[in-house]
Amino acid sequence: MLAKRIIPCLDVKDGRVVKGVNFVGLRDAGDPVECARRYDAEEADELVFLDITASSDGRNTIVELARHCAESLSIPFTIGGGVRTVADFERLLRAGADKVAMNSAAVRDPGLIRQCSQRFGTQAVVLAVDARQIAPGRWNVYVKGGREDTGLDALDWVRRGTDSGAGEILLTSMDRDGTGKGYDIELTTRAVQAVRVPVIASGGVGTLAHLEEGLKAGAGGVLAAGIFHFGQHSVREAKAYLRAHGVAVRPPLAAV
């Protein structure tokens, strides 16, 4: 059985890590490189950085962030936000990111997924999907930081994205984001069933039990922010809890 991944998520705005609820009401959570080093020391499996404003200046900032993290970290990391072209994608990889996430640009030009996967490999391409429930059993894809409803069905979109070459789906429930109520398990389960690539569950973690629920729903990894950023739990505590509840996670380095 493949080990499940615990992935702290660092939303970055104006060079700082922030955390909100339902994509608004942002709180400062620290310097991104310092946070990343702490999670590296805690033996997180990966990190995700998302530039949530993605202005032109922000794209330059996020490239520098990738460079600083590559110099400081021993674990893989994904960076997304403001990726509009193959050249943007390549800049982030050259700066040291292991994977690059795309959202709005992929919706605008689905061919971008195929171009990047053919040039850099499917393993480097993460399709980030921000989904909001519009009816029972139905979710739409939102873009531009959750401000615009595309009208796309989220489950159809993850299928199309993986068919085009995305090697991983980063699936965020906008309804659950920052609420502490747990992942949208129905959405996660249905996405896992819809594709043959790993699905990373995101949005809503408030307890360690929520991590367990997301992983047992079939997610290959679970994203969390607030419970780690503000000291409620450490990554080590999360892994110990999951091991005790029968979830396969990587052992601590001291045990290897």
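Where does E42 lie? You'll find E42 in the loop between α1 (32–41) and β4 (47–51); here helices (H or I, at least four residues) and strands (E, at least two) are DSSP runs, numbered from the N terminus. Before going on, note that this is a predicted model, where local features need pLDDT of at least 70, side-chain atom pairs count only at pLDDT 80 or more, and totals for chains, interfaces and linings use all residues. Residues are numbered from 1 along each chain as its sequence is written, and side-chain values use heavy atoms, with hydrogens and water left out.

Back to E42: with 12% relative accessibility, E42 counts as buried (under 20% relative accessible area, with exposed being over 50% and partly exposed in between, using a 1.4 Å probe and protein chains only). Leaving aside residues up to four places away in sequence, E42 touches S234, V235 and R236, where contact means heavy atoms within 4.5 Å.

Now for D130, which sits in strand β7 (residues 125–135). D130 is buried too, at a relative accessible area of 12%. Its side chain makes a polar contact with the side chain of N103 (3.1 Å); such a contact is a pair of N or O atoms within 3.5 Å, and within protein one must be able to donate a hydrogen and the other to accept it, while residues adjacent in sequence count only if both atoms are side-chain atoms.

Next, some helix pairs. The axes of α3 (residues 86–95) and α5 (residues 111–120) come within 10 Å and cross at roughly 40°, with axes being lines fitted to C-alpha atoms over the stretch in contact, and angles running from 0 to 180 degrees between N-to-C directions. That makes α3 oblique to α5 (under 35 degrees is roughly parallel, over 145 roughly antiparallel, 65 to 115 roughly perpendicular, and the rest oblique). Where they meet, V86, F89, E90 and L93 of α3 face L112, Q115, C116, R119 and F120 of α5 in contact.

Helix α8 (residues 208–216) packs against α10 (residues 235–244) at about 55°, with the axes 10 Å apart. So α8 is oblique to α10. Among the residues that meet are L208 and L211 in α8, and Y241 and L242 in α10.

Finally, look at α6 (residues 154–163), whose buried residues are A154, L155, W157, V158, G161 and T162. They cover an arc of only 160° around the axis, so they're on the same side of α6; the arc is that of the directions from the helix axis to the C-beta atoms. After α6 comes G165, with a positive phi near 125°.
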